Amino acid sequence: MITADTIVVGAGIIGNAIAYYLAKKGQKVIVLEKSDNIGDGGSSRNGGGVRQSGRDPRELPLAMYGIKNLWPYLSEELGTEVEYYKKGNLRLGKTEKHKEILTGLTNRAVACGLDVRMIDAYEVRQINPFLSEEVSCASWCETDGHANPLLATLAYYKAARRLGVRFITGEEVLSLKKLRGRLRQVITAHDIYEADNIVLANGIAARDLAAYVGIDIPMSSALLECLVTEAEPRMFEQMLGTAEADFYGHQSKHGSFVIGGSSGLEAVNKDNGTPINSSITAACIARGIIKYIPKLSHAKIVRTWAGWMDRMVDGVPVIDKVDEVEGLYLACGFSGHGFGIAPAVGLNMANLVLGENLTCDISGLAYNRFAAKA
Amino acid sequence: MHELVDRSLKDEEFEEREDDDMLICRCEEITKGEIRRAVHDGMYTMAEIRRYLRCTMGLCQGQTCAKLVKGIVAKELGVSPDKLEPATSRSPMRPTEMYIIANEEK
């Protein structure tokens with residue numbers, strides 16, 4: 001038996017960040033990861049967006065807090081360059097319908113106190129001269145940006161490890177067990193681990209584990225795909241997206257364009273148990289890119305990949321302490337947009353575990369918000 | 001196959017070597033010393049090494065240096081290179097221009 005103050009299940013960026021902030025406060029933490037690799041799920045398969053615009057108001061406070069207080073200092077804090085750029089997010093539109101979608105998103109975000117506004121074709125091209133002439137409007141949030149998800153995930157791992165966090169990979173958690181009325185044990189194929197607090201930050205797999213103590217978190221998985229080009233000359237530094245979500249992405253510090261997107265068939269994509277590319281999605285993403293950034297039509301794609309997201313039934317995660325199972329904490333169901341809020345989630349989850357004040361209002365992300373039709 | 005690996009910090013200082021400046025990944029210009037240091041910092045698998053350093057992620061997609069990188073990582077970890085899973089190969093086989101991939105017409 002191995003004991004700790006807190007056990008985090010899942011070594012993605014969420015689990016690593018939680019472990020880091022707990023260790024920084026002096027806790028003894030163990031992180032258990034099923035995969036052989038740290039950050040093998042969505043953490044290393046996403047488009048790297050660090051944005052507030054386009055977010056659900058329930059998770060917006062985390063995005064705003066992180067961008068104001070954590071992301072700008074993250075490379076320094078963790079001792080690894082995470083390639084954070086705070087150069088704005090353009091969400092592009094071409095038609096009246098797009099404009100309607102973007103205006104709706106913008107108005108809702110303004111109501112939450114976010115500095116985002118609609119801009120016209122002229123101003124769009126002032127910001128980014130490489131966009132197609134067809135782009136007629138955009139929402140513009142100057143404080144949005146992007147970072148390198150591979151590095152940010154491993155930076156939290158590296159820094160947490162230096163603070164003494166014990167990471168164990170290839171260790172799949174099989175079940176959870178209560179002792180004397182409270183959650184206490186984590187059971188794997190190799191060992192039994194015990195801790196006062198157990199945080200589930202393992203995406204879709206958190207559903208099966210939480211079920212061992214009678215909690216159901218309504219998530220399903222969906223496959224998303226990304227592609228990356230070879231290094232191109234420096235073109236622009238903003239994060240880009242579109243009204244219809246044809247694609248989203250940015251030019252990385254390295255010069256390559258990292259771009260994600262969808263074919264619309266994600267929910268029914270076939271897979272054989274590994275997150276594998278379909279034959280149609282990269283083509284679909286490429287068509288979307290060429291429509292908006294014609295100059296990239298000759299950029300060479302060097303790699304494509306896929307990853308599952310843990311899609312919550314209402315599109316935002318559960319970040320909470322479970323009242324009826326003492327010792328259980330949940331941070332899962334990030335629904336494809338967890339990367340940008342990961343630092344704020346890590347900090348707040350650590351505070352929740354330690355019983356300290358939170359820096360953000362996360363009351364909209366409670367585990368018990370799901371109710372069947374009346 | 002998943003294998004249990006404890007990533008706890010080892011109580012060893014990083015030791016620089018004479019040949020640390022040697023270029024291993026030519027596409028991304030990564031040296032032997034950078035790879036050795038990455039292992040010391042906790043990057044234990046080929047997937048982690050490439051995500052952390054970019055080596056084997058350039059134009060040749062590791063066709064030139066993947067074996068060399070693997071040899072260095074294995075030596076640092078003190079295991080045989082065939083114990084290390086190669087990083088996943090990804091499509092397309094060769095760098096392909098965006099307009100070619102985009103064209104679905106027959």
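In the predicted model described here, B:Pro92 lies in the loop between α3 (66-77) and β4 of chain B, where helices (H or I, at least four residues) and strands (E, at least two) are DSSP runs numbered from the N terminus. The peptide bond that joins B:Ser91 to B:Pro92 is cis, with omega at about 0°. In chain A, the loop between α3 (74-78) and β4 holds A:Glu83. A:Glu83 is not a glycine, yet has a positive phi of about 55°. Most residues other than glycine have a negative phi, and most peptide bonds are trans.

Residues are numbered from 1 along each chain as its sequence is written, and chains are lettered from A and ligands numbered from 1 in the order in which they are written. As this is a predicted model, local features need pLDDT of at least 70 and side-chain atom pairs count only at pLDDT 80 or more, while totals for chains, interfaces and linings use all residues; side-chain values use heavy atoms, with hydrogens and water left out.

An open sheet of 9 strands with mixed pairing has the order β5(A)-β6(A)-β4(A)-β13(A)-β14(A)-β15(A)-β12(A)-β16(A)-β4(B); two strands pair if DSSP finds at least two bridges between them. At the edges stand β5 (116-120) of chain A and β4 (96-97) of chain B, each with a single partner strand, so one side of each has no neighbour in the sheet. Strands β4 (residues 89-93) and β13 (residues 239-242) of chain A run parallel and are joined by 4 bridges. Within this pairing, A:Arg91 has A:Gly241 of β13(A) as its bridge partner. Helix α4 (residues 96-111) of chain A packs on the sheet and touches β4, β5 and β6 (137-141) of chain A, its direction making about 150° with that of β5(A). Contact means heavy atoms within 4.5 Å; axes are lines fitted to C-alpha atoms, for helices over the stretch in contact, and angles run from 0 to 180 degrees between N-to-C directions. Helix α8 (residues 281-292) of chain A runs at about 60° to β12(A) and lies across β4, β12 (219-229), β13, β14 (247-251), β15 (257-261) and β16 (300-312) of chain A.

The sheet includes a pairing between chains: β16(A) and β4(B) are antiparallel, over 2 bridges. Here A:Ile301 has B:Thr96 of β4(B) as its bridge partner.

Between them, chain A and chain B bury about 3,800 Å², 53% of it on carbon and sulfur atoms; buried area is the accessible area (1.4 Å probe) that two parts lose on being put together, summed over both. Chain A gives 45 residues to the contact and chain B gives 37 residues. There are 4 salt bridges between chain A and chain B, a salt bridge being a side-chain nitrogen of Lys or Arg within 4 Å of a carboxyl oxygen of Asp or Glu. One salt bridge joins B:Asp6 to A:Arg166, with the closest N and O atoms 2.7 Å apart. This pair crosses between chains, from strand β1 (residues 5-6) of chain B to strand β8 of chain A. Over all chains, the whole structure has 27 salt bridges.
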